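Trainee: Could you show me how to read a protein model, one feature at a time?
Mentor: Gladly! Let's look at it together.

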Amino acid sequence: MRRLIKSFGYALSGIAYTVKTQMNFQIHLVATILVGIAGWYLQLSGNEWLWIVLAIGLVLVAELLNTAIELLVDLVSPEFNVKAGKVKDVAAGAVIVAAFISVIIAAIIFIPKLI
Ligand SMILES: Nc1ncnc2c1ncn2[C@@H]1O[C@H](COP(=O)(O)OP(=O)(O)OP(=O)(O)O)[C@@H](O)[C@H]1O
């Protein structure tokens, strides 16, 4: 049990590191709060909340993995390397795809309620 709490602490410190250092993650968190307020105001249904939570989770997880990959690349290849650059580009691409999917989900749910 103590080991479990300890590894949970390490995971939380990874999230805290990402919040402190990654402006994109901070932007995602602000967007999360705004979407939460809009969802509460527009009284989303249970199913709609499920999609919103999934969309938000998708982006935050993608951003955390992107940050981990960036750190790893900087560790193993601090000097310029074309492949290292590509690894970072692909990881950043994953975040863009996740964000794009989230925007589509949000649009499908919110636009009919606003028009
Ligand atoms: N070691 C490297 N070798 C070659 N190209 C690199 C390397 N490090 C970064 N790059 C290129 O520069 C781009 C930006 O890298 P950087 O580490 O600044 O990532 P970032 O997405 O701006 O991260 P952050 O969110 O920390 O600002 C990468 O996507 C990649 O194309």
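**Reading the model step by step**

Mentor: Starting at the N terminus, the elements of the protein chain follow the order α-α-α-α. Here helices (H or I, at least four residues) and strands (E, at least two) are DSSP runs, numbered from the N terminus. Before we go on, please keep in mind that this is a predicted model, in which local features need pLDDT of at least 70, side-chain atom pairs count only at pLDDT 80 or more, and totals for chains, interfaces and linings use all residues. Residues are numbered from 1 along each chain as its sequence is written.

Trainee: How many helices and strands are there in the protein chain?
Mentor: The protein chain has four helices and zero strands.

Trainee: What radius of gyration does the protein chain have?
Mentor: The radius of gyration is taken over C-alpha atoms, and the globule rule is 2.2 Å times the number of residues to the power 0.38. For a compact globule of 115 residues that would be near 13 Å, but the protein chain has 17 Å. The C-alpha trace spans about 50 × 40 × 20 Å along its principal axes.

Trainee: At what angle do α3 and α4 pack?
Mentor: First the general idea: axes are lines fitted to C-alpha atoms, for helices over the stretch in contact, and angles run from 0 to 180 degrees between N-to-C directions. Angles under 35 degrees count as roughly parallel, over 145 as roughly antiparallel, 65 to 115 as roughly perpendicular and the rest as oblique. In our case, the axes of α3 and α4 are 9 Å apart and the angle is about 170°, so the two helices are roughly antiparallel to each other. The contact of α3 with α4 has 22 nonpolar, two polar and four charged residues. For these classes, Ala, Val, Leu, Ile, Met, Phe, Trp, Tyr, Cys and Pro count as nonpolar, Asp, Glu, Lys and Arg as charged, and the others, Gly among them, as polar.

Trainee: How do the axes of α2 and α3 cross?
Mentor: Helix α2 (residues 23-41) and helix α3 (residues 46-76) have axes that come within 10 Å and cross at roughly 175°. These helices are therefore roughly antiparallel to each other too. Two residues are in contact if their C-beta atoms, placed from the backbone, lie within 7 Å. Among the residues making this contact are Phe25, His28 and Val35 of α2 and Trp49, Ile56 and Glu63 of α3. By class, the contact of α2 with α3 has seven nonpolar, four polar and one charged.

Trainee: Is Glu63 buried or exposed?
Mentor: A residue is buried if 20 or more other C-beta atoms lie within 10 Å of its own, exposed if 12 or fewer, and partly exposed in between, with C-beta atoms placed from the backbone. Glu63, found in helix α3, is buried because it has 24 other C-beta atoms within 10 Å. Leaving aside neighbours within four places in sequence, Glu63 is in contact with Thr18, Gln22, Asn24, Phe25, His28 and Val95. Over the protein chain, buried residues make up 12% of the 115 residues.

Trainee: Where does UniProt place the feature "active site"?
Mentor: The unreviewed UniProt entry places that feature at Glu63. UniProt positions are given in the numbering used here, feature names are shortened, and annotations may be inferred rather than shown by experiment.

Trainee: Which residues does the UniProt annotation "binding site" cover?
Mentor: One such annotation in the unreviewed entry covers Arg3, Tyr10, Glu70, Lys88 and Asp89. They span 87 residues in sequence, and the farthest two C-alpha atoms are 35.3 Å apart, so they do not all gather at one spot. Arg3 is found in helix α1 (residues 2-21) and is exposed, with 7 other C-beta atoms within 10 Å. Glu70 sits in helix α3 and is partly exposed, with 16 other C-beta atoms within 10 Å. Not counting residues up to four places away in sequence, Glu70 touches Lys88 and Ala91. Asp89 lies in helix α4 (residues 82-114) and is exposed, with 9 other C-beta atoms within 10 Å.

Trainee: What phi does Gln43 have?
Mentor: Gln43 has a positive phi of about 50°, although it is not a glycine. Gln43 is found in the loop between α2 and α3 and counts as exposed, with 8 other C-beta atoms within 10 Å.
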